[in-house]
Amino acid sequence: MEIAFDSLEQADLVVDTIYKGGNVSGKGSEVLHKLMPGCSNSGGFRKVMRKDGSGLPAYVVLYTSMQELEWPDYLDEETGIFRYYGDNRSPGKTLLDTPRKGNQLLEFVFDCLNSKDGSIKNIPPFFIFKKTGDGWDVKFLGLAAPGNPKISPDRDLVAFWRSMNEDRFQNYEAYFTVLNTENAINREWLRALVYDHDNSFDYAPEAWKMFVSKGRNGIIPLTAKKIIDIPSKYAQLQSDIEGQNCVQFIRDYYKNYPQGFEKCAKDILEKTDSRFQDFELTRPWRDGGRDALGYYVINADGKNNLPLKIDCALEAKCYSPANSVGVREMSRLISRIRYRQFGVMLTTSYVDNQAYKEVIEDGHPILIITASDIASTLRKNSISTDNIEEWVLSLEQHEINAYNRLSKYASLLLK
């Protein structure tokens, strides 16, 4: 469904509806300042204050492209969990010293969520909008509350360090839940939040009332089972210029040294998820490639019980963007997976449609990691064109050090 620009001031909010921008040049065609009462016309983090003199926020708009590789905001439609990054996104400022004070508001909101003094009533509703990529048009993703019943209070707002151009700085990673509002969100509530907050609860959706009443345990997520769709070649290769350059460096470096790429792939996998552990390269096969075998480790964050270790086999393919992983390569990996194992196909290219389709339709336990995933993992681990050569060389040095230690140990045994 689409809402025309001229109808925005009377429109309700409906999940997945597209709200159209105007036709004039400049911010006169911007949608949110016209659709949302009192909202500004710029910024990804837009806080609107109550008009009752309380100094408290009425509501917050989170406006995202979902395409920033450096700050990958993400909505999981199957769980309703929305990951959002704070507004300290470049070096030069402290965690809370941002122009729109977005990180300060995140601290305030999550403090209210996790307190027991009734301050949850001060939490503003969050409205999530996504850029469509077509002019000023936006899509409404839903009404969100901070936190989630499945995320512990010490993990729903986390400050982390990031490096950019050799400068270090902190930002927040926050988790929200899109609520199951069932019906349209009416304009009476939006206006009352700003101009008549004392009576706004009367117009609120039931899902918001449940959250305010019961907190984290009152969250009712909007969930939608995904229809399986095979990602396109473009989707598997896409990234920003920095990510493309980093992946191309890896392709060029290992072009004539495919055996070395397995060490690189092993390190990328362990950087993708720290629960991938203890991977060791196996012997070369007739086609010149080697697998790596290791574990995916799951534990209960306690000291008393042993973690669960799931066997995992890694297959690595350093291919150009013009060369895809096909049925033959995928079948090779599938044939080597034993009972109660799963496999990872990691490639600097993409998996062709037929191979990907067979994995999905036949239910093979294969995790597919392609060029776009590699670019994202490198960025999350502060690896860029400035230091990627240093990182690759360090992998070689680790191999040399391990060989020297083994040789020294063997010499001692022979004495």
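Me: Is Arg275 buried, partly exposed or exposed?
Reply: Arg275 is partly exposed, with a relative accessible area of 41%. Buried means under 20% relative accessible area, exposed over 50%, and partly exposed in between, with a 1.4 Å probe and protein chains only.

Me: Which residue forms a salt bridge with Arg275?
Reply: Asp273 does, and the closest N and O atoms are 3.2 Å apart. A salt bridge here is a side-chain nitrogen of Lys or Arg within 4 Å of a carboxyl oxygen of Asp or Glu. Asp273 counts as buried, at 17% relative accessibility.

Me: What should I know about the model and the numbering?
Reply: This is a predicted model, in which local features need pLDDT of at least 70 and side-chain atom pairs count only at pLDDT 80 or more, while totals for chains, interfaces and linings use all residues. Residues are numbered from 1 along each chain as its sequence is written, and side-chain values use heavy atoms, with hydrogens and water left out.

Me: How many salt bridges does the count come to?
Reply: The count comes to 13 salt bridges. Among them is the one between Lys20 and Asp137, whose closest N and O atoms are 2.6 Å apart. Lys20 lies in the loop between strand 2 (18-19) and helix 1, and Asp137 in the loop between strand 7 (126-131) and strand 8 (138-146), so the pair ties together parts that are 117 residues apart in sequence. Helices (H or I, at least four residues) and strands (E, at least two) are DSSP runs, numbered from the N terminus.

Me: And the exposure of those two?
Reply: Lys20 is partly exposed at 23% relative accessible area, whereas Asp137 is buried at 6%.

Me: What about Arg328 and Glu329?
Reply: Their side chains meet in a salt bridge of 3.8 Å, N to O. Arg328 is exposed, with a relative accessible area of 61%, and Glu329 is buried, with 9%.

Me: Which residues are linked in a network of salt bridges?
Reply: Glu315, Lys317 and Arg332 are linked in such a network.

Me: Changing topic: where is Lys34 found, and which side chain of opposite charge is nearest?
Reply: Lys34 is found in helix 1 (residues 32-35). Lys34 is buried yet has no salt bridge, and the nearest side chain of opposite charge is Asp6, 4.4 Å away. Lys and Arg count as positive and Asp and Glu as negative; His and the chain ends are not counted.
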